[in-house]
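Please look at the sequence and the structure before starting.

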Amino acid sequence: MKKKSKKLLVIVLTILIIEGLISVGLNYQLQIGFDEGKLIIRNVATDLSIQDRITHEFQHYHMVKLFGKFMINWSVLRVILFVDLFLILFAILVRRKMSLIPGKLQIIAEMIYSFFYSLVVETIGEKKKYFTPYIFTIFIFIWLCNIIGLIPIPGNLEPTRNLNVPLGMGIMALSVVHFSAIKAKGLGRYLKEYTEPLPFMTPLNVVSELSNVISLSFRLFGNILGGAIIILVVSNLTRYILIPVGLNLFFGLFIGTVQAFVFTMLILSYTAVAIK
């Protein structure tokens, strides 16, 4: 059995290496869509180089004007709206079927919620457990935005690979942190903490708080964008066979989950420090 497995592994690796060598210098792209009423999934040669494809993939978005004035990134917004709609439907379905003997959806929802409830209570205390729905929502939203790119639909993308989305999430989350701090301590004590340990260090403390938004946003953005670029380059070289499937699972599912969790835990930590 072991010999057969080794032979199979050697054959697969040999095919992939040959495929990779043959594909070097060639440019292919995966086409998924409908042609004359039939669903097609195929590789086609393209005149675009890998660099051109990266530029096209990550810098060309469908922009529309809202009310004839405000430019909206429709490519990103439509995916976010889909994620929001999915979350709302999931919440409605779970709530409608709530019972003492939980179904599958209720079990999944309760397991995830209980996990974050424990984290919130351990981090900021039992009295602040009302932060749990907020922390839970942040994680679920970012996680879905990170992994939705796994769905092979034309035009589908991870919203978090566009800097505006992580930056917006970072500004929103840190605004809630500071609002919670003012509510818990009062405006006077909140402002006084910026002058500690010495008054002349106030500018440094302000810059330190602002840098939290930058580090929080760019960490998420960089990891998701980097993963998407690696998948595109390797997929192009291997003509979208075998290796891209594993890469998608690794960068989309594993890295997406880790980054969503890191973002959520940092927000929870900032909140705990701010309100104590």
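**Exercise 1. Determine which residues lie nearest the centre of the second largest pocket, and which elements line it.**

Solution. The second largest pocket has 25 lining residues, and Leu87, Phe90, Ala91, Phe136 and Ile140 are those nearest its centre. The elements that each give two or more residues to this lining are α3 (74–96), α4, α5 (132–147) and α6. The space in the pocket comes to about 620 Å³. Here a pocket is, on a 1 Å grid over the protein atoms alone, an open set of points with protein on both sides within 12 Å along at least five of seven lines, a cavity is a set where a 1.4 Å probe fits but cannot get out, and lining residues have an atom within 4 Å of a point.

The model is predicted, so local features need pLDDT of at least 70 and side-chain atom pairs count only at pLDDT 80 or more, whereas totals for chains, interfaces and linings use all residues. Residues are numbered from 1 along each chain as its sequence is written, and side-chain values use heavy atoms, with hydrogens and water left out.

**Exercise 2. Work out how the buried residues of α4 are arranged around its axis.**

Solution. Next, list the buried residues (under 20% relative accessible area, with exposed meaning over 50% and partly exposed in between, for a 1.4 Å probe and protein chains only): they are Gln106, Ala109, Phe116, Leu119, Val120 and Ile124. Seen down the axis, the buried residues of α4 fall within an arc of 165°, so they line one face of the helix. On the other side of α4, Lys104, Met111 and Glu122 are exposed.

**Exercise 3. Is His178 buried or exposed, and which residues does His178 touch?**

Solution. First place the residue: His178 belongs to helix α6 (residues 164–185). Its relative accessible area is 18%, and His178 is therefore buried. Leaving aside residues up to four places away in sequence, His178 touches Tyr190, Tyr194 and Glu209, where contact means heavy atoms within 4.5 Å. With Glu209, the side chain of His178 also makes a polar contact of 3.4 Å.

How values were computed. Helix = DSSP H or I, 4+ residues; strand = E, 2+ residues; numbered from the N terminus. Polar contact = N/O pair within 3.5 Å; in protein donor to acceptor, adjacent residues only side chain to side chain. Arc of directions from axis to C-beta. Points joined across faces, edges and corners; volume = space filled by probe spheres on them.
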